[in-house]
Amino acid sequence: MAIDNPARLVDVSAALAALEPLGAHQYCIAFGPGSMQFCATPNGYSTIHLPRKVFRDLLAGQIKKVLHASFGNNANSYFFTYEMQDGTIAHRAGSGIPAGSRCFPDRISSASKERASSLHVQLGANRSYVAWSGSLWVCHGISGGLRAVRHHSSSIDIDDANGSEGVLLSGTIDNMAWHNDSSWYFKNGNAYAELRTGSGAEVLREAWHNLIPENLAYVAINPHSLTGGTFAFFEKAQDGCEPNFVLRFEPEDVVSRLPSRSNPPSIHSQVINVPKNSEGLQVFQWAASKYTGRSHARDAWELELKKGEQMIPHVDPREAYVRSTVDIEKMLKAGNIRTFPDLTRYMNACTKDACSPQKADPHHLGICSHDLYKLMQGSGDYCLDTLKMERNKWHPDRFARYCHSDDRETLREKAQALFVLFGVLMEKTPAPEPVA
Ligand SMILES: [Zn+2]
């Protein structure tokens, strides 16, 4: 692909934050090869590495919501569905999607506007795909078990050289996911919902057994992972609380906020149960294990992106704030702190020249007041009281009590620096200068 501009850092987090979040119980977690991800939830959006065209779509400011996203097995294989500001539905397809998954949208779009607006294209590994609109579907390359279920759920089902197509007996497809190890999930309205797990997916199966199917809102399985063990399940949010979930990014631990219903309890001692936040806010923390620095330097996607715009993960400040709060509480609870949290993992948005020496100074925090401002905006309640409360966590004397004696003095200094940075924001409250 021709590169118009040299590497340039463009911050998409503001564009993501400007989108309208999905409605209650609506999710889309799209896993791509390497570390590529796009997540849309009722709490906002986050992404790691986006196709260039999608990136431009987001920056153009015409999109109201991203309803659906899916990544195939190469850099140009992706399909996004947008709800635009004017209420219309639009799609963005990469040039590398399988031919069959391209014909169907073309056919549907020319048939009727209504059909086009219910179009879904879900891409998988090895050029597999399922596309559907209303009761019509086409598919290619999905596993035998999932194929059989489609057959039983359909009144018409025709195979040809390019794949299969058919018409569902009732309803439409609400949610589908699959992996080549023969794990899959298929939900067809109230008519059918099932998850099957392949032989290599014990962790997925165990997670599934802890869920109450009727409560389930969404299932995603990463089709590009090695063993089918990267997945996300969300239950429906109850009584205005944040939803329970189970998720895992291979090879990391399962992160769960579900009461264990298996007996005996989990065979997987590595399950991290995410507690509910002490202030009553039930924290949406599914991104916990997303940014632990797995390297995919040899991945084709990554190479593509090195030439492109987006070099660091950009997150919705709301999500970044929640993530930082949970991590920091966990750290304080564990005590014996030996290293200061890397705050750039949560927010690293400011590119002002004036700030770069401070941000590059290894004795400092890695972030500036603009970054902290942006992170704190994610609290949804940016005011003097919130700043004061957050600042208190970093009072050097208080913080030092949580630190290992060998590192206490160094860590105290860092806490002091952060305490001072909060002070800078407090002086400027109600609002400092916005990030350029
Ligand atoms: Zn700055």
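I began with an open sheet of five strands, ordered 7-8-9-11-10, with antiparallel pairing. Strands here are DSSP runs of E of at least two residues, helices are runs of H or I of at least four, and both are numbered from the N terminus. Two strands pair if DSSP finds at least two bridges between them.

The model is predicted: local features need pLDDT of at least 70, side-chain atom pairs count only at pLDDT 80 or more, and totals for chains, interfaces and linings use all residues. Residues are numbered from 1 along each chain as its sequence is written.

I then checked strand 9 (residues 136–140). It pairs with strand 11 (residues 163–168) over four bridges, in the antiparallel sense. Trp 137 stands opposite Gly 166 in strand 11.

I followed Trp 137 into the largest nonpolar core. Of its 71 residues, Trp 137 and Ala 220 touch the most other members. Strand 15 (residues 216–221) gives this core the most, five residues. Such a core is a set of buried Ala, Val, Leu, Ile, Met, Phe, Trp, Tyr and Cys residues joined through C-beta atoms within 7 Å. Buried means that 20 or more other C-beta atoms lie within 10 Å of a residue's own, with C-beta atoms placed from the backbone. I also found a second, separate core of 24 residues, including Phe 340 and Leu 387.

Methods. A residue is buried if 20 or more other C-beta atoms lie within 10 Å of its own, exposed if 12 or fewer, and partly exposed in between; C-beta atoms are placed from the backbone.
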